Amino acid sequence: MSKVGLIISREYLTRVKKKSFIILTFLVPLIFAALMVLPVYLAIKTEKNTRVLVVDDNEYFINRFKENDHLTFSYRSGDIAQIKNEALDGEFDAVLYLPKNSQKMVANLYYKEEPSMGLCSDLESQIDNIFFDQMLRDSFNIDAEKFNTIKNASRAEITTLQIDDQGDEKESLAEMNKSIGMICGFFIYFFIFMFAGQVLRGVWEEKNNRIVEVLISSVKPIELLMGKIIGLALVGLTQFLMWVAFTFIILCGIQMAVPNLLNDSDTSSQMVAEMMNESQMAAEDTFDASTIFSDISNYFPISFSQLILCFLFFFLTGYLIYAALFAAVGSAADNETDSNQLTLPITMPLILTIVLIMPIANNPNGQLAFWLSMIPFTSPVAMLTRLPSGVPLWELLLSMTLMLVFFVLTVWFAAKVYRTGILMYGKKVTWKEIWKWLKY
């Protein structure tokens with residue numbers, strides 16, 4: 001095995017055997033799954049049953065409010081000043097008072113203990129619907145059911161169809177494509193910084209522990225640099241794939257163990273539950289992995305497999321570029337403060353891309369999105385944000401080519417800096433001095 005291979009093996013095995021690697025590999029999927037499931041579960045289980053007493057001076061709200069598992073209504077007429085105190089001291093959690101009004105409905109909700117967060121919005125929605133139906137009958141003599149029938153029959157529905165270079169049409173969900181692109185951009189930003197930061201810390205620790213002096217005696221600096229970068233790249237790729245696999249297994253396990261977890265909610269979580277149940281029923285009818293991925297791909301200008309492969313390519317090349325630069329900074333700095341100052345100019349382009357991720361997603365084919373996806377410092381985030389919305393093949397290939405060429409140039413630059421800086425101690429290094437090292 002070559003010296004570079006030995007260094008790669010050492011870096012990889014040393015990292016994956018650490019307790020921190022093993023703990024994070026299992027802990028991150030659990031945290032991610034908990035962030036997805038726990039808020040909905042707690043919202044459902046902690047939702048209190050609310051009993052509302054309706055006092056209506058208009059007389060047409062009586063017995064017209066819709067109840068559910070967490071909301072019940074009772075009705076009474078009389079003096080609100082007397083009723084509200086008796087009701088709130090008794091069996092009711094809130095009193096809804098609807099004063100007589102023919103133009104604009106204004107209601108008061110009385111309570112002693114604060115009700116659930118969605119109660120007011122639920123009551124307002126029901127009052128609006130009931131009052132609107134009543135106004136239709138009183139002012140225009142129109143039946144509410146006929147009005148809803150006409151309204152639904154005249155409702156417009158737009159299907160977005162994207163035409164490719166060959167003239168073929170494909171149904172597309174533009175908003176979903178933008179959301180997927182932004183999620184991919186944020187993920188690749190997070191992973192690049194996390195794993196490239198490990199290279200910086202590793203180089204800096206070896207330099208301060210003087211371990212590098214022993215290593216340099218038997219291998220060339222460029223071999224040590226490449227071995228460290230590639231070894232940590234494999235560590236990052238391994239951890240990333242394990243996170244994806246474990247998160248998928250945990251979520252599937254939760255769905256199988258508690259299939260009706262979301263069915264008890266009557267708010268937004270109920271909509272999520274209905275979507276999950278529909279997907280589950282469809283999967284039970286025809287559980288064919290190729291069909292599932294084919295259905296997903298129908299809504300993307302590129303296939304699901306292409307999206308995954310592009311994500312891995314831009315993650316690896318983006319990581320390798322930033323890892324090489326971070327290794328150069330780590331070799332030139334003697335302490336963490338100096339390394340942070342030197343890395344700031346390097347990280348600013350990637351941070352700028354995250355700041356501009358919304359304009360990129362909103363206009364994926366604009367000039368801003370195009371040039372940011374061509375610049376190697378920013379293209380990992382920018383190109384991944386654009387991909388789900390569709391990118392011409394020549395732009396994708398050009399961006400990939402520029403990433404590979406820039407990686408070679410970055411390694412050359414990092415090797416020059418690494419060769420000199422790794423053995424330099426006790427001196428504060430500036431960018432001007434680093435520039436001089438390139439001429440050695």
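Throughout this tour, buried means under 20% relative accessible area, exposed means over 50%, and partly exposed lies in between, with a 1.4 Å probe and protein chains only. The structure is a predicted model, in which local features need pLDDT of at least 70 and side-chain atom pairs count only at pLDDT 80 or more, while totals for chains, interfaces and linings use all residues. Residues are numbered from 1 along each chain as its sequence is written, and side-chain values use heavy atoms, with hydrogens and water left out.

**Stop 1: salt bridges**

Select Arg51 and Asp93 to begin, a pair joined by a salt bridge whose closest N and O atoms are 3.2 Å apart; the term stands for a side-chain nitrogen of Lys or Arg within 4 Å of a carboxyl oxygen of Asp or Glu. Arg51 lies in strand E1 (residues 50–56) and Asp93 in the loop between helix H3 (80–89) and strand E3 (94–98), so the pair ties together parts that are 42 residues apart in sequence. Helices (H or I, at least four residues) and strands (E, at least two) are DSSP runs, numbered from the N terminus. With a relative accessible area of 37%, Arg51 is partly exposed.

The structure holds five salt bridges, and those that share partners join Arg10, Glu11, Arg15 and Lys228 into one network. Select Arg10 and Glu11, where the closest N and O atoms of the salt bridge are 2.8 Å apart. Arg10 is partly exposed at 36% relative accessibility, whereas Glu11 is buried at 3%. Arg15 counts as buried, at 17% relative accessibility.

**Stop 2: a nonpolar surface patch**

Next, select Ile23, Leu24, Leu27, Leu30, Ile31 and Leu35, which make a nonpolar surface patch of about 550 Å². Patches are made of residues with over 30% relative accessible area and no salt bridge, like charges being joined within 9 Å and nonpolar side chains (Val, Leu, Ile, Met, Phe, Trp, Tyr) within 5 Å; the areas come from the Shrake-Rupley method with a 1.4 Å probe, and for residues only the protein chains shown count as cover. Leu35, found in helix H2 (residues 19–45), is exposed at 61% relative accessibility.

**Stop 3: the nonpolar cores**

Now select Ile188, Phe314, Tyr319 and Leu387, which touch the most other members of the largest nonpolar core, a set of 65 residues. Such a core consists of buried Ala, Val, Leu, Ile, Met, Phe, Trp, Tyr and Cys residues joined through side-chain atoms within 4.5 Å. Helix H11 (residues 304–332) gives the most to this core, with 17 residues. Apart from it lies another core of 16 residues, including Phe65, Phe73, Ala94 and Leu119.

**Stop 4: a loop residue**

Select Tyr60, in the loop between E1 and strand E2 (71–76), which counts as buried at 17% relative accessibility. Its C-alpha atom is separated by 8.3 Å from that of Ile130, although the two residues are 70 apart along the chain.
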